[in-house]
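Student: Could you take me through one part of this structure closely? I would like to look at the aromatic rings.

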Amino acid sequence: DAKTTQPTSMDCAEGRAANLPCNHSTISGNEYVYWYRQIHSQGPQYIIHGLKNNETNEMASLIITEDRKSSTLILPHATLRDTAVYYCIVRVAVTGTASKLTFGTGTRLQVTL
Amino acid sequence: EAQVTQNPRYLITVTGKKLTVTCSQNMNHEYMSWYRQDPGLGLRQIYYSMNVEVTDKGDVPEGYKVSRKEKRNFPLILESPSPNQTSLYFCASSLKGQGDSPLHFGNGTRLTVT
């Protein structure tokens, strides 16, 4: 699976959009981009994933560049409860073969008043 | 409510005393997996299962066993726990084991082996 690079930490003011970047320059054509977050020591929470197109759900938006070498997770109106470690992961999609998630060190997002 | 349930949440035991951490999902998922999380090492996969009666080693399987007799359950067994297995453990499941199938995690089991 391709490796990802994320900033170690970021700050965001409550109510503002939080834009979390991720670099995955070695991504292959059949690899999905996934985002998870982990609050304290709770189980990682799935946020969103995408292959080529931008995606949006009730939690966030995922913007993937045209060359797929980087992506941005957008939390449109960050709240204090969004303070967490955010993981960007690429995951290969190969039918018939297990495709694990390999977690890196992530970005620690601190949302402040 | 769709969820992955692990028990117990906290467990303190002594070296060599066999223990089992249970994991159950109610989403009819085929794929299940165990991870451990340690400071500075992140989350590492222990074992996974693509379906009933099919299990495979992950990155750090030594000292662990698993079984998948039923679709919903995937217990993690430590036959002879050692202090280096003190960790935070997560069970996870997904509809399939491939890339377009999000993995959903349980709330974790914090294990301390003395």
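**Aromatic pairs**

Tutor: B:Tyr89 counts as buried, because its relative accessibility is 1% (buried means under 20% relative accessible area, exposed over 50%, partly exposed in between, with a 1.4 Å probe and protein chains only). This is a predicted model: local features need pLDDT of at least 70, side-chain atom pairs count only at pLDDT 80 or more, and totals for chains, interfaces and linings use all residues. Residues are numbered from 1 along each chain as its sequence is written, chains are lettered from A and ligands numbered from 1 in the order in which they are written, and side-chain values use heavy atoms, without hydrogens and water.

B:Tyr64 is buried too, at 5% relative accessible area. Over all chains there are 12 aromatic pairs (rings of Phe, Tyr and Trp, the last by its six-membered ring, with centres within 6.5 Å; planes under 30 degrees apart are stacked, over 60 edge-to-face, the rest tilted).

Now a pair across the chains. The ring centres of A:Phe103 and B:Tyr35 are 6.1 Å apart and the planes stand at 85 degrees, so this pair is edge-to-face. A:Phe103 sits in the loop between strand 8 and strand 9 (107-112) of chain A, and B:Tyr35 in strand 4 (residues 31-38) of chain B (strands are DSSP runs of E, at least two residues, numbered from the N terminus). Both A:Phe103 and B:Tyr35 are buried.

Back to B:Tyr64 and B:Tyr89. They form an edge-to-face pair, 5.9 Å centre to centre, with 65 degrees between the planes. B:Tyr64 lies in the loop between strand 6 (54-57) and strand 7 (65-66) of chain B and B:Tyr89 in strand 9 (residues 87-94), so the pair ties together parts 25 residues apart in sequence.

How values were computed:
Helix = DSSP H or I, 4+ residues; strand = E, 2+ residues; numbered from the N terminus.
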